[in-house]
Amino acid sequence: MVLETKTLEEKARQLLGDRGVSIVDIAELVMFLQVEYIPDLSLNTCIESVNAVLTKREVHNTILTGIQLDILAEEDVLLQPLQSIVAKDEGLYGIDEILALSIVNVYGSIGFTNYGYIDKVKPGILAKLNDKSGGRVHTFLDDIVGAIAAAAASRLAHSHQSAIESTK
C-alpha cells in the first residue's frame, strides 16, 4: 500500500513540530542564505519556499526516516555500535549528511553549496539542534533542517534568476 503524499506531508510536518522545529525557524535559515542575493526578500517569501519544499515526497521520506532514527537513538534501542555513533553524532559518521542530500538534490546543484555552508556555520535553529546538552538526539534532524533550508534557498535563487531574465 502506497501512502498518499498528503498523509506523508502531514506526518512530516507534525514530526518537525514535535521535535521543536517550526516553518518560521527554517524560513529564517532561508533568509540567512539568500538575503544578500535577493535584497527585497521577505520572511513570507521564505516561508512560501519552505512550504513548497515540504510538498515533495522525497522530503517527507527523509524527514520520517531521519527523525525515526533520532528517536530510536534517544530510546537507546539501536544496535551497537550504531547506537553510540548516532547518540554521540560522531564526526566521522556521514550518513546523516548523505540522507539530507536527498533533499538538496530536489532543487539542483546550488543546493549543495547552500547546504555545505549552512551545515558549517549552523545559524539559528541549527545551533539549537546541534546543542547536545538538552538530552535529545538530533543527529539526523539538524542536517535535514539545513537541507530543507538549502533547497528552499535554491528554489528562490532559481525563481529570482528567472524573474531577472524575464524582465530583459
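The structure is a predicted model, in which local features need pLDDT of at least 70 and side-chain atom pairs count only at pLDDT 80 or more, while totals for chains, interfaces and linings use all residues. Residues are numbered from 1 along each chain as its sequence is written, and side-chain values use heavy atoms, with hydrogens and water left out.

The secondary structure consists of nine helices and zero strands, where helices (H or I, at least four residues) and strands (E, at least two) are DSSP runs numbered from the N terminus. The C-alpha trace spans about 60 × 40 × 25 Å along its principal axes. For 168 residues, a compact globule would have a radius of gyration near 15 Å, and the 16 Å of the protein agrees with this; the radius is taken over C-alpha atoms, and the globule rule is 2.2 Å times the number of residues to the power 0.38. Of the 168 residues, 42% are buried (buried means under 20% relative accessible area, exposed over 50%, partly exposed in between, with a 1.4 Å probe and protein chains only).

The largest nonpolar core holds 46 residues, of which Leu16, Ile63, Val145 and Ile148 touch the most other members. Such a core is a set of buried Ala, Val, Leu, Ile, Met, Phe, Trp, Tyr and Cys residues joined through side-chain atoms within 4.5 Å. H9 gives the most to this core, with 11 residues. Leaving out residues up to four places away in sequence, Ile148 touches Leu16, Ile26, Val50, Val53, Leu54, Val59, Ile63 and Ile103.

Two aromatic pairs were found, counting rings of Phe, Tyr and Trp (its six-membered ring) with centres within 6.5 Å; planes under 30 degrees apart count as stacked, over 60 as edge-to-face and the rest as tilted. Phe32 and Tyr117 are stacked, because their ring centres are 5.9 Å apart and their planes lie at 5°. Phe32 belongs to helix H2 and Tyr117 to helix H7, so this pair ties together parts 85 residues apart in sequence. Phe32 is partly exposed at 38%, and Tyr117 is partly exposed at 44%. The rings of Tyr93 and Phe140, with centres 6.2 Å apart and planes at 85°, form an edge-to-face pair. Tyr93 sits in the loop between H5 and H6, and Phe140 in the loop between H8 and H9, 47 residues apart. Both Tyr93 and Phe140 are buried.

The loop between H8 and H9 also holds Thr139 and His138. Thr139 is buried, with 2% relative accessibility, and a polar atom of its side chain lies 2.5 Å from the backbone oxygen of Val86. Apart from residues up to four places away in sequence, Thr139 touches Asp70, Val86, Asp89 and Asp96. His138 is buried at 9%; beyond its neighbours within four places in sequence, His138 contacts Arg19, Asp70 and Leu129.

Note on methods:
Polar contact = N/O pair within 3.5 Å; in protein donor to acceptor, adjacent residues only side chain to side chain. Contact = heavy atoms within 4.5 Å.
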